[in-house]
Amino acid sequence: MIEENYKNILNDIKQTNQAAGIPRLIAVSKTIPANSCEQLLRLNHRRFGENRIQEAEEKWPPLRKLYSDIELHLIGPLQSNKTKQAMQLFDVIQSVDREKIAALLAEQEQQQQKYLRYYIQINIGEETQKAGIAPLEAKEFVSYCRNDLKLNIIGLMCIPPATQASGIYFALLNKLASKCSLTNLSMGMSKDYRTAIAFGATDIRIGSALFGSRT
Ligand SMILES: *Cc1c(COP(=O)(O)O)cnc(C)c1O
C-alpha cells in the first residue's frame, strides 16, 4: 500500500506546471515504524520528516547506517534543552519559531561545527495555540537569524488553520517569502498538498496519504 501511495503522489506532483518546478516530497514518518520507512528507502526515497526528537533518535541512526544519503527534516516544535540533539540528528530544521531557539541553534553550530539548513515557521493564521513567528514580524526575524546569528535560512514553513480552506494562507506565505527574499516554501500536507502546489509550494510534507492514517 505504501508503494502504491508513493507512486500515486509522485505522479500527481509530476503533473504540476508551476514556475517553482516540481516540489520536493517530505515523507512524514512520525509514529511510523522503521520497517515502513525502509519500504520507501528501498524505492529510493530519501527525504523524511519527524516531529519528535526522541522518536527520531531511536529510528534514524540505524537507518542512516544502511542509507548514508538520508535527508532528515525536523518539522515539530523544538524545546530549548533539545537543540544539541536536534543538531546531531537532523539535516534541516523547519520549525525555527522563536528567538531563543534560533540563538541556541547558532550556539550549537559553533560547538559542533555543523551547519544545517533552516526554515522559519510562520503562524500564518495567527492562532494563539500555534507556534510560529507572526506574519508581520517575519521579515525582521529572518534578518535577525541571517545577519546576527549567521543561520542558513532557506525558506518559510506553515501549518494553516485546520478548519478553513488553506489557499489564502498558502498565498500569504508565498508573498511573505518574497518579502524576505526566500525561495523555499514548505506548505501542504495530505489533505491540501495540491492546493499548496498551486500556490507555489517547493516542499510538501505528507504523512497519512503515504503511510495510512496514524492510530
Ligand atoms: C503530521 C504533520 C504533517 C503530515 O500530516 P498528514 O496530514 O498526515 O499528511 C505535516 N507537517 C507537520 C508539521 C506535521 O506535524
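In strand 2, F48 is the bridge partner of A27. This is a predicted model, in which local features need pLDDT of at least 70 and side-chain atom pairs count only at pLDDT 80 or more, while totals for chains, interfaces and linings use all residues. Residues are numbered from 1 along each chain as its sequence is written, and side-chain values use heavy atoms, with hydrogens and water left out. Helices (H or I, at least four residues) and strands (E, at least two) are DSSP runs, numbered from the N terminus.

- Strand 1 (residues 24–28) pairs with strand 2 (residues 47–50) in the parallel sense, over 2 bridges. Pairing requires that DSSP finds at least two bridges between two strands.
- Between strand 1 and strand 2 the chain passes through helix 2 (residues 34–42), and this β-α-β crossover is right-handed. Right-handed here means that, with the strands pointing away from the viewer, the path from the first strand over the helix to the second runs clockwise.
- Strand 2 also runs parallel to strand 3 (residues 71–74), joined by 4 bridges. Opposite F48 stands L72 in strand 3.
- Helix 3 (residues 53–66) carries the chain from strand 2 to strand 3, in a right-handed β-α-β crossover.

**Helix 2 with helix 3**

- These two helices pack at an angle of about 35°, with their axes 11 Å apart. Axes are lines fitted to C-alpha atoms, for helices over the stretch in contact, and angles run from 0 to 180 degrees between N-to-C directions.
- Helix 2 and helix 3 make a right-handed crossing. A crossing is right-handed if the near helix is turned clockwise from the far one by less than a right angle, and left-handed if anticlockwise.
- From helix 2, A34, C37, E38 and L41 meet K59, W60, L63 and L66 of helix 3. Contact means heavy atoms within 4.5 Å.
- This contact divides into 6 nonpolar, no polar and 2 charged residues. Ala, Val, Leu, Ile, Met, Phe, Trp, Tyr, Cys and Pro count as nonpolar, Asp, Glu, Lys and Arg as charged, and the others, Gly among them, as polar.

**Helix 5 with helix 6**

- The axes of helix 5 (residues 99–112) and helix 6 (residues 138–148) come within 10 Å and cross at roughly 15°. Helix 5 is therefore roughly parallel to helix 6, a label for angles under 35 degrees.
- The crossing of helix 5 and helix 6 is right-handed.
- E99, A102 and A103 in helix 5 meet F141, Y144 and C145 in helix 6. By class, the residues are 5 nonpolar, no polar and 1 charged.

**Positive phi**

- Most residues other than glycine have a negative phi.
- T31 has a positive phi, near 65°. T31 lies in the loop between strand 1 and helix 2.
- S181 is not a glycine, yet has a positive phi of about 55°. S181 sits in the loop between helix 7 (167–179) and strand 7 (184–186).

Key:
Angles under 35 degrees count as roughly parallel, over 145 as roughly antiparallel, 65 to 115 as roughly perpendicular and the rest as oblique.
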